[in-house]
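Here is a short report on a protein model. It covers the overall build first, then a few backbone details.

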Amino acid sequence: MLPECILIVDVDTFDLQILDFQNPDESGFDKVRIVADNWGAITSVSYSARTFGISRKDTIESAISKCPELKILKFPLLSTGKPNYTGRRDLTYKLIQCITTELPEMIFEMSSSDEFYIDITPEVHRRIKNRSQPNLQGLWSKTIFEGTTTIRSGFETISNLEDLALLHGAEIGTTLMVKILDKIKVQTSMGIGHNKLVAKLAVGINKPAGITIISRNGGLITASKKIPLTSVPHLGGINGELLSSHYSTMYDLSLATVEEIMAIGNITNGVATKILDKCRGIGSEPLVNKTYAKILSVAQTFPEKTVMTRLELRKQLEGLMEELSTRIYEEAIWHRRKAKDLSVSVKLADASNQGIFIKDIRTMLQTEILSRFWNEFQHASSESFNMKRIELTVKSFEKI
């Protein structure tokens, strides 16, 4: 049976590249920069800034203490005071179009706005069945095959089917990376493995602008010895913290038993088994065709003790409706689907919540939607509101 081959495309410093498009005079991968949101959370760190030990876990204050010359970038604001992430969605759409055009009829899964999985198995199998050999000299210059010293001299003859499949995958990845650079001017990194888990692990090894292959024929062991335990998908939480006090790397934990993992904390047999499988590169999660998010949601979370008048709340709702309308328009143009029903969730600081469902908004104006909200909002007669969060969500669509 021919092996599977999964490719992941991950955009390097996504937010920084978006802001570079918007401010080309400020662009440059060699600059020490970060992107921060309104609440001070760091969303993107340049690779030059990382050499100072700055990461997304830092606060702005701690990042500046590590490098006083650090430049802090932010997205422009909407009328609601929220960052305008239209550039994010626009770039995501362009990437999806580029990838699916280059690799049609492949299973494509949008994992996030800057990370995409493609099951390139059918194309790899076609090349193997045609007895073609991958052009190793033509691979992306920054391609590494974990477990080998030099990719171009380590595979004069390729007899192992999995290695052959993964090298064909690297050839496909090279073509795609060049296409993305040429058409969209975006720098990406790629990971290639026999399943989603291994591909995801691979993509983080050779950044930025690198292609990394991990094979089960020794490469997985080599790679796992340098992958911190908390970098294993879904091991960054409480369980990851517990286990990382006993094991340093993915490889260290792969040598443990289920019973040893269970003994460390309140970890069940089932969870311990899944953790062990991950650290051994065993993953059965299939790719799911997905080129856009299933739902649309815009929200505003307010600082503690935010009190609003009726007029201020109305302006917040108008701003969120304007933002949602932009998103709905994008969905119609990009994905050929029209929003049908709207849910409005209002959470007040006194823990009283209300959900309002507005059916069939396809022909309604923003003013009509807002009028419907005020008619059904149980606190509408109040003069002030101690706000916590407002969220507008569209879950149902119809094809255009």
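Helices (H or I, at least four residues) and strands (E, at least two) are taken as DSSP runs, numbered from the N terminus. On that basis, this predicted model holds 14 helices and 13 strands.

**Overall build**

The C-alpha atoms fill a box of roughly 75 × 50 × 45 Å along the principal axes. The protein has 400 residues, and 48% of them count as buried.

**Backbone details**

Most residues other than glycine have a negative phi, and most peptide bonds are trans.

| Residue | Phi | Relative accessibility |
|---|---|---|
| Thr-13 | near 40 degrees | 7% |
| Glu-105 | near 65 degrees | 82% |

Thr-13 sits in the loop between strand S1 (6–11) and helix H1 (14–22). Buried means under 20% relative accessible area, so Thr-13, at 7%, is buried. Beyond its neighbours within four places in sequence, Thr-13 contacts Phe-29, Ser-44, Val-45, Ser-46, Tyr-47 and Arg-50.

Glu-105 lies in the loop between helix H4 (86–102) and strand S5 (107–112). With 82% relative accessibility, Glu-105 counts as exposed.

Which form does the peptide bond from Lys-207 to Pro-208 take, cis or trans? This bond is cis, with omega near -5 degrees. Pro-208 is placed in the loop between helix H7 (196–203) and strand S9 (211–213).

Definitions and conventions:
Residues numbered from 1 in each chain as written. Predicted model: local features only at pLDDT ≥ 70, side-chain atom pairs only at ≥ 80, totals over all residues. Heavy atoms only, no water. Buried < 20%, exposed > 50% of the residue type's maximum accessible area, 1.4 Å probe, protein only. Contact = heavy atoms within 4.5 Å.
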